[in-house]
Amino acid sequence: MYKLSRTRIAIIIAICLLGVFYALPNILPNKDSLPKWWQPVNLGLDLQGGSNLLLEVKIDDVIKERMSSIEDSVRQVLRENRIRYQGLRAGEDKVNVKIDNANSRSKAISAFRKIDTDLNVAEGDDGSIEISYSDIALNNLKRKVVEQSIEIVRRRIDELGTKEPVIQSQGDDRIVVQLPGLQNPEYVKTLLGKTAKMAFHMVDSSSTAADARRGRLSANSKLVQGEAGETYVVSRKPVVSGENLVDAQVSFQEGQPVVSFKFNSFGGKKFGEATKNNIGERLAIVLDNEVISAPTIQSAILGGSGVITGNFTMESANDLALLLRSGALPAPLEVLEERTVGAGLGADSIAQGEMACVIGLIAVIIFMIAAYGLFGVFTTVTVLLNLVLMLGALSFMGATLTLPGIAGIILTIGMAVDSNVLIFERMREEVNNGRSTKDAAETGFREAWATILDSNLTTLVAAFVLFYFGTGPVRGFAVTLTIGIATSMFTSVTVTRVIISTWISKCKPTRLPI
């Protein structure tokens, strides 16, 4: 058997040592004190317990809100062009308006199409006009809303410090949130249930809530309820919206917790101009269509930052700051399903998985030693090393190990010796054909390589298909299977070759012990 170069042997040993190094955190006692880049394998929801939430993105609410916004734009266009109209109203997914004059109607349709290029403007026989989104624009809007919702949910969960959460889409309008280690999801549900859409509106001092209830409300104003039950009349158009916020933190004023915020340059400029031009007026801070504070502007605030005061506790101030930092959800979320996995059930799963691994490992070792003698002992070493390298690779990648992942590891234990069986059987054939020990070993590794590569590649293709089309646990199985294939090929072919090559060089056997 040809002798491996020192460089190649050094690379093989270095890879093995690296795998052992990254696998070490899994058996060390004080895992919390380890650096972030050197952590044990993360356990999934089914192994350490936790909470599973299925959320529905209320996309219909977003479309309805968009229609309301389009209604305002249509009203503004009609007023600017002095076009008489009637019956202007926004529905669930369209805006309707009636214009009797044909010339005015034609002029209005041209202006409506400029509001948004994604809008369909259809004219009816009775002078009515229907404005709605095209099917393509509607599908794009739904997709973007779900993607934005996932990103905001991820930011809020990350702010809580939850380790390795799983947040992914399911179907067209649902989001799965798995929180390993979290047994009480009520607090998380509360945070995720708030859209946290914040905006600053000027209070309309020329109108009162009583006037608004009697129908004397300006088209540029609207009624908004306050936290204490008070009703405010505020301008429809916000001075500045929460989209321009870049930071929000809890601070204290006169011993009371408040939320300090900071705008980006654009938001800071608009906020500064609004406070400068409206000294003495009230500015309403509206969160999720509810006024949380309406202070009087004492002076111009030009620094791009300010403070939200109210009857905050430390906890409520922290929650509001977290929501504002993470951003507003584009649509409300509804919890459709909630499941909690107990830590005890997860511990039972780990114990059963460990038992299955040990039984499978012992069975493989007994078979290999019984069938191939000393070479079976060599195979045992490589199988154990394969497990260590798999664990090291999973730890290095920061992968999450689930119950199907353990199944992938158990499957890999059996697959790890397939390559050795092919090599050893080919050696046997070569010895029976009269070859020397050294030649038989060399031929066994060389001739079996094509078959080993072919069998592992087909399994690898199957693993890639599972990963691409699967979700959650299926992907976990595919990841561990892929890593297992890579490490088993390395240990079964490369490491076994080093061991057998060294044994032949040192012991110079006259026959193979198989």
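The model is predicted: local features require pLDDT of at least 70, side-chain atom pairs count only at pLDDT 80 or more, and totals for chains, interfaces and linings use all residues. Residues are numbered from 1 along each chain as its sequence is written, and side-chain values use heavy atoms, with hydrogens and water left out. Helices (H or I, at least four residues) and strands (E, at least two) are DSSP runs, numbered from the N terminus.

I begin with strand S2, residues 50-57. Eight of its eight residues are buried, so S2 is largely enclosed by the rest of the structure; buried means under 20% relative accessible area, exposed over 50%, and partly exposed in between, with a 1.4 Å probe and protein chains only. S2 pairs with strand S8 (residues 174-180) in the antiparallel sense over seven bridges, where pairing requires that DSSP find at least two bridges between two strands. Eight bridges join S2 to strand S18 (residues 333-341), again antiparallel. Leu55 stands opposite Ile175 in S8 and opposite Val335 in S18.

I turn next to an open sheet of four strands, in the order S3-S4-S6-S5, with antiparallel pairing. Its edge strands, S3 (86-90) and S5 (119-123), each pair on one side only. From one strand to the next, the twist averages 15°. S3 and strand S4 (residues 94-98) are joined by three bridges, and the bridge partner of Arg89 in S4 is Asn96.

Which strands of the sheet does helix H3 touch? H3 (residues 59-80) touches S3, S4, S5 and strand S6 (128-133), and its direction makes about 150° with that of S3. Helix H4 (residues 102-112) also packs on the sheet, touching S4, S5 and S6, at about 170° to the direction of S5. Contact means heavy atoms within 4.5 Å; angles run from 0 to 180 degrees between N-to-C directions, and axes are lines fitted to C-alpha atoms, for helices over the stretch in contact.

Ser134 lies in the loop between S6 and helix H5 (135-159). Is Ser134 buried or exposed? Ser134 is buried, with a relative accessible area of 18%. Not counting residues up to four places away in sequence, Ser134 touches Asp118 and Asn120.

Finally, helix H11 (residues 374-397) packs against helix H13 (residues 418-432) at about 160°, with axes 11 Å apart. That angle makes H11 roughly antiparallel to H13, a term applied over 145 degrees, with under 35 roughly parallel, 65 to 115 roughly perpendicular and the rest oblique. Phe375, Thr379 and Thr382 of H11 meet Asn420, Phe424 and Met427 of H13.
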